[in-house]
Amino acid sequence: MTKPTRARMRSLLLLGALLAALPVLPALAADAPALDTGPGPQLRAGSLMLIPAPANVQRSEGKGITVAAGTSLHADGEAAQRVARQFADLLARSGGPRLALATGKAAAKAGGIRFQIIPTFRDSGEGYTLESTAQGVLVQAGNETGLFYGATTLAQLATGGSQGALPAVQIQDAPRFVWRGFMLDSARHFQSLDEIKRVLDAMAAHKLNTFHWHLTDDQGWRMEIKRYPKLTEVGSCRLPAGDGGIDPVTKQEYPYCGFYTQDQIREVIAYAAALHIQVIPEIDVPGHATAAIAAYPELGSISTPLKPISEWGVFPNLFNTEDSTVQFLENVLEEVIQLFPAKYVHVGGDEAVKDQWIASRQVQQRMRQLGIKDEMAMQSHIIKRLETFLEEHDRRLIGWDEILEGGLPPQATVMSWRGTEGGLAAASSGHDVVMSPVTHLYLDYLQTGSPNEPPGRPTQVNLAKLYAFEPVPAELAADKRGHVLGLQANMFTEHTRSYARLQHNLFPRLAAVAETGWSEPEHRDFRDFLARLPAQLQRYRAWGLAYAQTPFEVGVGHTDDRAANTVTVSLANPLGYEVRYSTDGTPVTAASPLYQQPLTQPLPATVQAAAFFQGQPLAAAPTVVSFTAQSLLSRHSEELRSCVGEKGLVLRLEDDGPREGTRTVFTVDIFQPCWRWPAAQLDGIGSVEVRAGRIPYYFQLAHDEPARKFEKAKGRNGEMLIRRGDCTGKVVAQVPLPASTDADGFVTLRAALPKGVSGTDDLCINFTGDTRPAMWVLDEVTLQK
């Protein structure tokens with residue numbers, strides 16, 4: 001819908017108290033993060049302000065040098081000099097001074113920094129040592145990669161609020177896992193080359209070493225393939241849903257396009273290699289194939305023409321099973337291999353719904369010819385052929401854990417996303433695995449219950465949950481644990497249409513991923529991590545990184561007493577940092593009152609609050625919430641629950657327009673357009689007013705289709721139904737729905753309640769009828785006296 005932006009004061013209400021699908025903030029929730037059981041962030045004895053935490057730290061008496069503009073910087077040999085220059089750059093970008101690398105072989109001055117590669121170093125992998133004394137700093141490693149990580153540690157020691165003052169310390173450090181990864185989906189939303197490089201910079205600064213690049217999907221093919229130019233000519237463009245696909249000036253269709261040329265991909269690979277990051281390409285097979293089939297219809301399993309579209313979910317479109325199609329995939333992989341030097345190539349294998357294969361005479365005949373018993377075995381046959389091809393080209397196949405189901409190719413590596421069970425099974429049978437469970441490591445899930453979170457999946461992967469993840473299952477036999485290569489966080493981008501939103505989703509959560517992948521379990525402590533995190537935030541700010549503010553905001557919950565004309569306000573920070581507040585209009589500072597118990601205030605009331613650590617505010621701005629007698633009669637969609645609870649599928653969806661800029665966000669259950677206001681105070685209420693709108697219904701959910709329950713409409717356009725108590729019970733009020741909305745994209749509906757309605761009870765608002773390809777969304781509901 002197209003409409004002007006509507007300014008309004010939005011209360012930061014705790015969604016857990018109001019929306020069952022969203023977990024609430026720890027201090028007010030039964031499901032508070034298990035690791036955050038103490039009084040709050042607390043630095044462990046001997047800890048340094050480093051993320052990830054090093055393997056071994058030995059403090060010494062006295063102090064180290066202070067890194068300043070005049071500090072000398074030396075490196076022995078060409079490789080060490082490269083690292084020294086990278087250190088100088090990272091130090092300056094992180095808020096430290098700009099150092100110049102000294103030339104020649106002269107010994108470093110007292111108080112200087114030296115980088116050395118030692119061929120006989122005890123660790124030839126990614127390990128390093130760092131010694132800081134009053135005489136200077138010495139960083140050593142067995143190779144350039146280890147030295148680079150030592151340089152990264154030193155840059156952290158000299159920034160993040162330390163003012164360059166180094167401790168006297170000896171660090172011996174090496175990572176726990178060889179695979180410390182991050183996956184970025186560039187297929188659903190496209191990132192520029194500069195944005196990719198900035199992500200790689202941040203990965204390297206966190207000692208992450210694997211960039212999994214998701215380049216093909218139903219919504220777009222993003223990699224140039226010389227042999228098949230239509231993959232990008234046709235497959236790299238789609239029309240956004242609704243007003244987002246219309247040019248606001250010409251009113252013509254305005255497609256969303258983008259792909260990376262092979263030269264650009266080489267540029268990214270080279271940039272990553274300089275940061276000691278391997279780039280793993282993903283070409284999805286046999287599902288997530290709509291864009292490829294749209295470009296070359298002969299690859300598909302149906303005769304219906306396809307095109308990439310701006311819909312999300314699980315598409316039914318699969319590559320067919322013919323030899324010619326497998327040859328096409330091998331030809332694509334041949335160009336992939338020529339570009340990407342990494343050992344691994346990811347072939348997807350996930351969410352390949354087999355309905356088209358089951359219905360296809362051609363596929364069924366092919367299966368009979370090959371003696372293949374079912375469709376999963378057919379998928380396994382294709383995956384095994386691709387594995388053989390990759391092995392012949394000195395590469396290894398990796399795929400999502402569905403590749404287990406039809407029989408695993410001998411040398412395949414499994415990326416376990418549907419939990420850790422697939423990884424456990426694969427490792428137990430001798431296959432390498434990367435743990436990447438949706439429950440803990442998907443960064444497209446929201447990280448708090450704040451209404452300031454971007455659109456996405458309201459189920460939370462908060463910082464505590466992510467940090468608590470253990471990649472090696474306890475059930476895995478000791479002799480098989482080496483098959484767990486490490487972990488990977490995934491960022492699918494259905495709802496991430498801007499780089500600012502991408503940064504919000506990634507940070508600070510990638511810091512927790514980095515520590516889980518690098519540090520041994522005995523060196524991981526969530527309270528200690530939270531005490532080190534503010535220093536990392538300071539570095540983020542120096543980098544210009546737009547990290548999420550929501551974990552550092554103050555969440556506000558309330559209960560109101562209409563008869564007494566008061567509101568009782570509860571405050572909490574999601575991470576357990578101390579909260580200070582004011583109720584008299586004065587700015588919140590470190591000297592403001594410390595929140596300890598709920599505040600009861602007469603109406604109207606305004607509460608300001610902020611989270612602090614060591615006297616410094618953590619969010620860019622304080623939370624400011626105002627309550628009036630009138631505002632307490634209204635709820636926005638994010639403050640309501642789904643009528644069917646966990647049986648539904650609740651999403652935070654944004655409007656379809658404007659094409660660029662800010663859009664309104666709605667919380668909606670796409671299985672059933674029904675919202676519940678729990679414990680609504682109905683005394684003196686005569687009617688319910690609902691501000692509702694319509695947005696495109698852009699979901700494909702394959703076998704989840706039967707879960708959608710649209711209540712049958714009685715009238716031509718359906719009805720808005722009001723129920724009290726049971727959301728499936730008696731209708732107490734209803735109004736017919738219009739055929740279209742007003743010019744601003746909304747419509748205001750008023751339903752009179754029966755006389756005598758009183759008391760406190762749940763109030764359910766339901767929209768009847770299957771209105772696809774559009775859907776009703778509720779913006780705001782208000783009780784009218």
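Is the crossing of α3 and α14 right-handed or left-handed? The crossing of these two helices is right-handed, where a crossing is left-handed if the near helix is turned anticlockwise from the far one by less than a right angle, and right-handed if clockwise.

## Basis of the description

This is a predicted model, in which local features need pLDDT of at least 70 and side-chain atom pairs count only at pLDDT 80 or more, while totals for chains, interfaces and linings use all residues. Residues are numbered from 1 along each chain as its sequence is written, and side-chain values use heavy atoms, with hydrogens and water left out.

Helices (H or I, at least four residues) and strands (E, at least two) are DSSP runs, numbered from the N terminus.

## Helix α3 and its two partners

Two packed helices are described by the angle between their axes and the distance between the axes. The axes of helix α3 (residues 193-205) and helix α14 (residues 499-506) come within 12 Å and cross at roughly 15°; axes here are lines fitted to C-alpha atoms, for helices over the stretch in contact, and angles run from 0 to 180 degrees between N-to-C directions. The pair α3 and α14 is therefore roughly parallel, on a scale where angles under 35 degrees count as roughly parallel, over 145 as roughly antiparallel, 65 to 115 as roughly perpendicular and the rest as oblique. Glu195, Arg198 and Val199 of α3 meet Tyr499, Leu502 and Gln503 of α14, contact meaning heavy atoms within 4.5 Å. By class, this contact of α3 with α14 has 3 nonpolar, 1 polar and 2 charged residues, with Ala, Val, Leu, Ile, Met, Phe, Trp, Tyr, Cys and Pro counted as nonpolar, Asp, Glu, Lys and Arg as charged, and the others, Gly among them, as polar.

The axes of α3 and helix α5 (residues 262-274) come within 10 Å and cross at roughly 15°, which makes α3 roughly parallel to α5. The crossing of α3 and α5 is right-handed, and its contact is made by Leu193, Ile196, Lys197, Leu200 and Asp201 of α3 together with Gln264, Glu267, Val268, Tyr271 and Ala272 of α5. The contact of α3 with α5 has 6 nonpolar, 1 polar and 3 charged residues by class.

## The five-stranded sheet around β39

An open sheet is formed by 5 strands in the order β30-β33-β39-β36-β37, with antiparallel pairing; two strands pair if DSSP finds at least two bridges between them. At the edges stand β30 (641-642) and β37 (731-736), each of which pairs on one side only. β30 is joined to β33 by 2 bridges, and the bridge partner of Arg641 in β33 is Arg676.

Strand β33 (residues 674-681) is joined to β39 by 6 antiparallel bridges, and Arg676 has Cys764 as its bridge partner in β39. Strand β36 (residues 719-724) is joined to β39 by 5 bridges, again running antiparallel, with Met720 partnered by Phe767 of β39. Of the 8 residues of strand β39 (residues 760-767), 6 are buried, so this strand is largely enclosed by the rest of the structure; buried means under 20% relative accessible area, exposed over 50%, partly exposed in between (1.4 Å probe, protein chains only).

## The four-stranded sheet

A sheet of 4 strands, also open, has the order β29-β40-β34-β38 with antiparallel pairing. Its edges are β29 (634-636) and β38 (746-752), each with a single partner strand, so one side of each is left without a neighbour in the sheet. From one strand to the next the twist averages 25°. Strand β34 (residues 687-696) and β38 run antiparallel and are joined by 7 bridges, with Arg691 opposite Thr748 of β38.

## Helix α11 and local backbone features

In helix α11 (residues 421-428), the residues Gly422, Gly423, Leu424, Ala426 and Ala427 are buried, and what covers the buried residues of α11 includes β17 (413-416) and β18 (433-435). Gly430, which follows α11, has a positive phi near 95°.

Ile51 and Pro52 are joined by a cis peptide bond with omega about 5°, and Pro52 lies in the segment before β1 (56-66). The peptide bond from Arg772 to Pro773 is also cis, with omega near 20°, and Pro773 is found in the loop between β39 and β40 (774-784). Ala679, although not a glycine, has a positive phi of about 50°; Ala679 belongs to strand β33 and is partly exposed, with a relative accessible area of 48%.
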